[in-house]
Amino acid sequence: MNEITIKVNGKSVSGPVEGRTLLVDFLRGAGLTGTHVGCDTSQCGACVVHVDGKAVKSCSIFAAEAEGAEVATIEGQANPDGSLNAIQQAFQDHHGLQCGFCTPGMVMSAAALLKENPRPSEHEIREYLEGNICRCTGYHNIVKAILAASGQDVSAIAAE
Amino acid sequence: MYAFDFERPATIDDALKALGAEDAQALGGGQTLIPTLKSRLASPSKLVSLTAIPELKGISTGDDGTLCIGAATTHAEVAAGAGAYPALAALAGNIGDPAVRNRGTIGGSLANNDPSACYPAAALASGATIVTNSRRIPADEFFDGMFTTALEEGEIIVEVHFPIPQAANYQKFEQPASRFALVGVFVARYPDGVRVAVTGAAEDGVFRWAEAEAALASDFSAGAIAGLDVPGNAMIGDLHGSPEYRAHLVKVMTGRAVKAAG
Ligand SMILES: Cc1cc2nc3c(=O)[nH]c(=O)nc-3n(C[C@H](O)[C@H](O)[C@H](O)COP(=O)(O)OP(=O)(O)OC[C@H]3O[C@@H](n4cnc5c(N)ncnc54)[C@H](O)[C@@H]3O)c2cc1C
Ligand code: FES
Ligand code: FES
């Protein structure tokens with residue numbers, strides 16, 4: 001067991017971990033169950049969080065590797081007053097979720113994308129979400145929500 | 001996952017010491033090794049993470065003009081930072097998805113030598129040199145069949161040196177579920193000849209297609225390979241494609257790569 005400290009959504013979280021403890025298990029064990037485990041095989045992206053600002057699959061990194069890092073999860077995404085941030089609000093407005101299981105990972109990937117590329121094209125959004133799988137929506141409304149969150153007109157993307 | 005000890009050294013020396021323990025294994029980005037551990041296909045006594053070693057990271061130009069990439073440099077960092085070798089940057093930027101590219105490393109990809117991985121094709125087609133903690137291994141001697149390389153127990157890749165070609169291109173025909181290469185072909189033209197490396201296709205992993213290299217050396221055009229027979233290597237056959245299909249794709253992808261390299 002190693003004792004590690006990770007800054008999660010701005011707050012220090014410490015705890016003992018085994019070498020094999022995955023970051024996602026550390027987070028969920030700390031009560032942050034918004035980060036989901038869909039596949040546990042690095043395929044689905046439901047577990048995406050940011051480590052030092054970069055999107056990573058938290059089922060595919062050991063907690064000990066995030067020692068000292070800044071981690072951002074879905075729980076830290078809302079505005080300080082508790083209202084939904086622009087991406088979250090756009091997912092609601094454009095029906096970018098159905099069951100919601102993939103949504104935390106989708107929102108975290110979208111946030112990483114918009115940080116790198118504030119006005120992505122529809123194609124760039126679809127490419128960026130290659131590692132985020134959704135069983136419900138057919139992706140269209142997710143793409144629409146991200147376009148809207150980046151302040152772009154969504155009327156042009158037809159409902160396919 | 002079986003239990004193991006975990007170390008995260010800050011220097012190459014400490015990493016080598018830690019790797020001296022019985023059944024210790026290096027951990028790069030973990031994008032291959034962690035799923036392997038989960039399915040209990042590996043059971044190291046100790047994992048030695050290479051991600052906190054500054055000496056293993058970064059991209060620079062060597063005195064001999066080669067592009068030198070640290071083994072623990074991520075795919076995303078190569079995509080953004082290997083502008084001196086655009087075909088290599090493009091290859092790195094198309095591996096997996098953004099989250100995989102933020103963790104996966106060039107050293108891990110080469111050491112793993114997955115028969116469908118992208119980097120082995122780039123290293124072989126570029127005549128790259130794989131620099132380890134103890135020696136320099138030419139790419140032509142590094143890849144030793146599916147998931148096997150010339151690396152010895154406890155030896156780690158430190159850096160990879162890529163001679164920069166006059167023209168190059170990588171064409172990847174994606175297996176639509178995994179997005180690994182069903183067939184990928186990297187073509188690179190140097191003053192002393194053309195190198196063509198094929199991944200995804202053969203049972204023995206990445207290989208050079210000698211007939212195409214000879215044809216392209218005298219005429220660097222897609223037409224030059226039109227008359228060639230498909231390579232005679234034993235090709236992979238699985239639910240994604242038959243051996244004949246893969247052999248055919250090698251020729252198609254080589255033609256596309258030559259055309260795109262210009
Ligand atoms: C969803 C998904 C999609 C992917 N798509 C692609 C793709 O399209 N193309 C592609 O090429 N790859 C793909 N990959 C694989 C990815 O590129 C991996 O990152 C890579 O193959 C392994 O690199 P790593 O740094 O993660 O190594 P790890 O998983 O940490 O290690 C792999 C092996 O290399 C050894 N190792 C690691 N670093 C070193 C070193 N410096 N010296 C010696 N040995 C070392 C380890 O001991 C282990 O045996 C994909 C992976 C995933 C999860
Ligand atoms: S749970 Fe991590 S990628 Fe699916
Ligand atoms: S909303 Fe159900 S998986 Fe995406």
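## Close-up views of a predicted two-chain model

**View 1. E67(A) sits in the loop between β4 (54-57) and β5 (70-72) of chain A.** Like every view here, this one comes from a predicted model. With a relative accessibility of 36%, E67(A) counts as partly exposed. Setting aside neighbours within four places in sequence, we find E67(A) in contact with E3(A), I4(A), T5(A) and I6(A) of chain A, and with R8(B) of chain B. A polar atom of the E67(A) side chain lies 3.3 Å from the backbone nitrogen of T5(A). For a sense of scale, look across to C102(A): 35 residues separate it from E67(A) along the chain, and 26 Å separate their C-alpha atoms.

**View 2. Chain A meets chain B.** Here 21 residues of chain A and 25 residues of chain B make up the contact. Together the two chains bury about 2,000 Å², with 55% of that area on carbon and sulfur atoms.

**View 3. Polar and charged pairs cross the interface of chain B and chain A.** The rule finds 4 salt bridges across this interface, one of them between D97(B) and K57(A). In that pair, the closest N and O atoms are 2.7 Å apart. There are also 9 residue pairs in polar contact across the interface, both residues being at pLDDT 80 or more. Which elements of chain B give two or more residues to the side that touches chain A? They are α2 (33-38), β3 (46-49) and α5 (98-103), and α5(B) provides the largest share, with 5 residues. By type, the residues on this side of chain B divide into 13 nonpolar, 7 polar and 5 charged.

**View 4. T51(B) lies in the loop between β3 and β4 (59-61) of chain B.** Is T51(B) buried or exposed? At 12% relative accessibility, T51(B) counts as buried. Its side chain joins that of S49(B) in a polar contact of 2.8 Å. Not counting residues up to four places away in sequence, T51(B) touches R8(B), G28(B), K57(B) and R103(B), and also E65(A) from the partner chain.

**View 5. The largest nonpolar core has 38 residues.** Among its members, Y85(B), L88(B), L110(B), Y119(B), F162(B) and F186(B) touch the most others. Several elements of chain B give two or more residues to this core, including the helices α4 (86-92) and α6 (106-112) and the strands β8 (157-162) and β10 (181-190). Helix α7(B) gives the most, with 6 residues.

**View 6. Helix α9 (residues 210-218) of chain B has buried residues.** These are A212(B), E213(B), A215(B) and L216(B). They pack against β11 (193-199), β12 (207-208) and α10 (243-261) of chain B.

**View 7. S42(A) and H95(A) have positive phi values.** Most residues other than glycine have a negative phi. Phi of S42(A) is near 70°, and phi of H95(A) is near 55°. S42(A) is in the loop between α1 (23-29) and β3 (48-51) of chain A and counts as buried, at 10% relative accessibility. H95(A) belongs to the loop between α2 (86-93) and α3 (103-116) of chain A and is exposed, with a relative accessible area of 57%.

Key: Residues numbered from 1 in each chain as written. Chains lettered and ligands numbered in written order. Heavy atoms only, no water. Contact = heavy atoms within 4.5 Å. Buried area = accessible area lost by both parts, 1.4 Å probe. Salt bridge = Lys/Arg side-chain N within 4 Å of Asp/Glu carboxyl O. Polar contact = N/O pair within 3.5 Å; in protein donor to acceptor, adjacent residues only side chain to side chain. Helix = DSSP H or I, 4+ residues; strand = E, 2+ residues; numbered from the N terminus. Nonpolar A, V, L, I, M, F, W, Y, C, P; charged D, E, K, R; others polar. Core = buried A, V, L, I, M, F, W, Y, C linked by side-chain atoms within 4.5 Å. Buried < 20%, exposed > 50% of the residue type's maximum accessible area, 1.4 Å probe, protein only.
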